[in-house]
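Reader: I would like to go through a few local features and learn how to read each one. Please start with a helix residue.

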Amino acid sequence: IIAKNHGYTLYGLVNEILELAIQAEDLGIPLRKIFEESWILKSAKKDGFILGLETLWYDMAELAYEKSKEEALKRWFEAGVWLAKKYVTAGMERPFEAFKRSLETYAWNVSELEIEGDERTVSIRMTSPRFPESYAFLYSAFLEGALETFGYKVLVKEVSVGMIRLKAVGKEADVEE
């Protein structure tokens, strides 16, 4: 049925699959890994991301931050709100967990990323030696926007060259205590 639906004979489909498996082997990439990770670019595109040169991205962030710091921070915050709302309104059972998985997947330029927590508290630690200070502040604004949309209030914020650390509490938990 699969072969017919894609315009192959059974032999043609099996031959195509074997050719792809050989290409993956020649590249030194397990076929399963290719399959499991094939959704990354598709999901990133669907979430509104584009590919770009890392150094150019940092340079543009630096220029925006220097020219209009408050406006740049506001825009990054709003981008975090927008992306988090996309997860919240998608009808997912656990939208924050899906956001967390996406963030872990899309953060190619981050050497360390830890996101821990539950409905009451969340902690994010992100390090990348290549982050200029401006980019670290902008990215932290993005994360704050997302966290607020998911119902958290940031209580601790440490940002410097190459490092972001945020600790937040669920707004309901903050009220109860």
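Author: Ser134 is a place to begin; this residue belongs to helix H8, residues 133-149. Note that the model is predicted.

Reader: Is Ser134 buried or exposed?

Author: Relative accessibility is compared with a cut-off, and buried means under 20%. Ser134 has 3% relative accessibility, so Ser134 counts as buried.

Reader: Which residues does Ser134 touch, leaving out those up to four places away in sequence?

Author: Ser134 touches Ala61, Glu62 and Tyr65. With Glu62 there is also a polar contact between the two side chains, at 2.4 Å.

Reader: Now a surface feature. Which residues make the nonpolar surface patch?

Author: Leu27, Ile29, Leu31 and Ile34 make the patch, which covers about 340 Å². Ile34 is in helix H3, residues 31-37.

Reader: Why does Ile34 count as partly exposed?

Author: Partly exposed is the class between buried, under 20%, and exposed, over 50%. Ile34 has 35% relative accessibility and therefore falls in that class.

Reader: Next, the strands. In what sense do S1 and S2 pair?

Author: The general idea comes before the case. In a regular strand, side chains alternate between the two faces of the sheet. Here, strand S1 (residues 112-117) pairs with strand S2 (residues 121-127) in the antiparallel sense, over 6 bridges.

Reader: How many residues does the hairpin use to join S1 to S2?

Author: The hairpin joins the two strands through 3 residues.

Reader: Which residue in S2 stands opposite Glu114?

Author: Arg125 is the residue opposite Glu114.

Conventions:
Residues are numbered from 1 along each chain as its sequence is written. This is a predicted model: local features need pLDDT of at least 70, side-chain atom pairs count only at pLDDT 80 or more; totals for chains, interfaces and linings use all residues. Side-chain values use heavy atoms; hydrogens and water are left out. Patches are made of residues with over 30% relative accessible area and no salt bridge: like charges are joined within 9 Å, nonpolar side chains (Val, Leu, Ile, Met, Phe, Trp, Tyr) within 5 Å. Accessible areas come from the Shrake-Rupley method with a 1.4 Å probe; for residues, only the protein chains shown count as cover. A salt bridge is a side-chain nitrogen of Lys or Arg within 4 Å of a carboxyl oxygen of Asp or Glu. Helices (H or I, at least four residues) and strands (E, at least two) are DSSP runs, numbered from the N terminus. Buried means under 20% relative accessible area, exposed over 50%, partly exposed in between (1.4 Å probe, protein chains only). A polar contact is a pair of N or O atoms within 3.5 Å; within protein, one must be able to donate a hydrogen and the other to accept it, and residues adjacent in sequence count only if both atoms are side-chain atoms. Contact means heavy atoms within 4.5 Å. Two strands pair if DSSP finds at least two bridges between them.
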